[in-house]
Amino acid sequence: MTSRLHFRVEATATDSQARACRFRTLHGEVLTPLFMPVGTQATVKGLTVEDLEAAGSHMLLANAYHLLLRPGTDVFQRFGGIHRFMNWRRSVLTDSGGYQVFSLPNDCVVTEDGALFRSYVDGARIVLSPERSIKTQLAIGSDIMMAMDECVPSTSDHAIAAAAMQRTHRWAVRSLAARGDAPQALFGIVQGACFEDLRRDSADYLTRLPFDGFAIGGLAVGEGRAERERFTALAAALLPRDLPRYLMGVGTPLDLLEAVERGVDMFDCTIPSVLARQGVAFTSTGRLNLYRGVYKLSEDAVDGECPCPTCSDYSRAYVHHLIKTSEALGWQLLGRHNLRFYHDLMSRMRQHIVADTFATYRDDQRLILARADGDHPSTTTPRRRRRRNEGALERFQIRESPEGHASVVHRASGEMMHGGIDPTVEANALYVAQSRLVERLREASAVPFVVWDVGMGAAHNAMAAIRACETTAPATQRPLHLVSFEHDVASLRLALRHALKFPHLHYPAPSHVLRFGEWRSELAPILWTLHEGDFLQHMTSAPTPDCIFYDPFSAKTDIPMWTLECFDSVFAECAEHDTELFTYSASTVVRTAMLGAGFIVARGAPTGRRPETTLAMTAAAAIQAGTRGRVILGAEWLEQWRRSDAKFPSDVPSAGRAALAERIEGLAQFRSGWSPGT
Ligand SMILES: [Zn+2]
């Protein structure tokens, strides 16, 4: 049997690789370029199937990994597949589940057979093999299935990328065998990270196999935009002309335009619905952020050129109001519109390819799609005047370093936040870079990566994290939940009053989080929440952290934050989890408190005038210590510790010191030959 999709190229642009094609699945005819909304849990968030059909969706993407865990294949078997289960009559494509499994932060063991992981639903151990993946996708009854591949970051080195590619090839053969004579189509996935030779080998090998189409995998997971576009063009050119080409997980309207030009036919992405929830609308005149107050009185349609029900029936003012009040209807109205915008963009590209006017259209759209809030450009100065609280503000003052960096100083102790170094540089080096935040956010997981920002201060660390995440979006698709703790927000209020001296505050987020207790990014899936008050009290109601930026004032100013009791409480919140804590202090007392609480302690990177900082991790994090390049304290440090005469935390009474010393002496990390995981 040749392709199950009866694929036909109908037109190709003369001055680019853009093409218009047509194929037929078990549930109907599909035209390309094609955008598939993401229906992870057998639903596109907030939209009914009527909304989807009206918006112009012809194929949905569903995630085999999530559907395998819940509701489970037995439900699909009972209903005869996903179509009847969710009342969707058009086509469905399922991914293999591999991508999600490999990006599980821990608890995933990969062997030649498959990936062994623990279900987030009921904790059961599950092996996802190529055969199990195909069996699941057959039960779901998707029209197009994906072969299971091993996905590594696109920034991996050659040896790692080559090994993953070869395993992907062996799994491709097993996936085809598992599909057998079933009528569903099956796509292979070309891997090879950002190495031209590997991309060639992978395309060469896979295109000899009887797949019905090919996906370009392993992009949009770490590389920059230019790299992605170069490798998209390269990979697309290596694929057969007479089969569909699918670029997984991409992207913004502009990304789609660029990839169509390079010869790609099919796309999926969560951006239209994710950004709808944040109030962002894609329109014929550029992007709008309807969260902004400038739309409060606007009687205009979201997009005057758009025929969707949202634009026919509602004003920008009403949508602005719904988004401000986090009403589900607001997400639905904008989700519906954004999806319509994506589908219309695809069909206009198709029309221009057929008419051979694609190049002109592309040039116009490049300018329009890059535009934001054209009628109401954003200003960055916080305009609202705050009630003055001089008493609180007087606890802090602003001081400028000789190098010209402004810092907040605690008056009573004279202690300066991020003393002696550009605070933004330190925030990036000590917290953002060391925690590998951007890499972690590139993991294809829908589970938010939770960062505790303990001691928010003037929000240097929080803003460094937000900026890093926003500038790498949409490659960083994993949601970030940033949880800031601050017992005295007067330091941030004071810095905001002197915002000219603090470039990191030239952004709406800090004043917004101060006013409302939370802020959502419009550029990336970021939620920032602020807990004002006592850290020990608030931490129990916060989600379990994957990473902690521990940056309160030192013990000189803020004794309770550096006690054994405090680290005991932090450890209790994350003991079973893969959690790493980063702090600027390298003091023996602090490390003793961390060790006493149960953390495994490592040397942190140098910063500014500090030759060394500290990193504390849970046992689950220590298993990754090798791959993350952590340097765990060993016997040498224990020797120094024994000699130190100021090593016990202030809350450990003399009577308790012998017991704590005994505990430290007996810790596994100081035993010779010990390595994490043993
Ligand atoms: Zn519309």
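The structure is a predicted model.

**First stop: the zinc ion**

Select the zinc ion and display the side chains around it. Four residues coordinate the zinc ion: C306, C308 and C311, each through its SG atom, and H337 through ND1. The distances from the metal to these atoms run from 2.1 to 2.3 Å. Which geometry does the site of the zinc ion have? The site is tetrahedral, and the angles among the four donor atoms are 98 to 119 degrees.

Next, follow the donor residues along the sequence, where their spacing is C-x1-C-x2-C-x25-H. Colour C306 and H337 to see how the site links distant parts of the chain, for these two residues are 31 residues apart. C306 belongs to the loop between β16 (286-289) and α12 (309-313), whereas H337 lies in helix α14 (residues 328-354). Both C306 and H337 are buried.

**Second stop: helices α9 and α10**

Select residues 225-238, which form helix α9, together with residues 253-261, which form helix α10. These helices pack at an angle of about 35 degrees, and their axes are 10 Å apart. Their crossing is right-handed. Now show the side chains where the helices meet. On the α9 side they are R225, R228, E229 and T232. On the α10 side they are L254, D255, E258 and A259.

Move to S156, in the loop between β10 (144-146) and α7 (158-179). Is S156 buried or exposed? S156 counts as buried because its relative accessibility is 12%, below the 20% limit for that class. Select A161 and F195 as well: S156 touches both of them, when residues up to four places away in sequence are left out of the count.

**Last stop: two cysteines**

Finally, select C469 and C547. How far is the sulfur of C469 from the closest cysteine sulfur? The distance is 13 Å, to the sulfur of C547, and this is too far for a bond; a disulfide would need the two sulfur atoms within 2.5 Å. C469 is buried, with a relative accessible area of 0%.

Then select C566 and C574. C566 is likewise in no disulfide, and its nearest cysteine sulfur, that of C574, is 11 Å away. C566 is also buried, at 0% relative accessibility. For the structure, the count of disulfides comes to zero.

Note on methods: Residues numbered from 1 in each chain as written. Predicted model: local features only at pLDDT ≥ 70, side-chain atom pairs only at ≥ 80, totals over all residues. Heavy atoms only, no water. Helix = DSSP H or I, 4+ residues; strand = E, 2+ residues; numbered from the N terminus. Buried < 20%, exposed > 50% of the residue type's maximum accessible area, 1.4 Å probe, protein only. Contact = heavy atoms within 4.5 Å. Donors = N, O, S within 2.8 Å, 3.2 Å for Na, K, Ca; no water. Tetrahedral: all angles 85-135°; square planar, octahedral: opposite > 155°, others 65-115°. Axes fitted to C-alpha atoms, helices over the stretch in contact; angles between N-to-C directions. Left-handed = near helix turned anticlockwise from the far one by under 90°.
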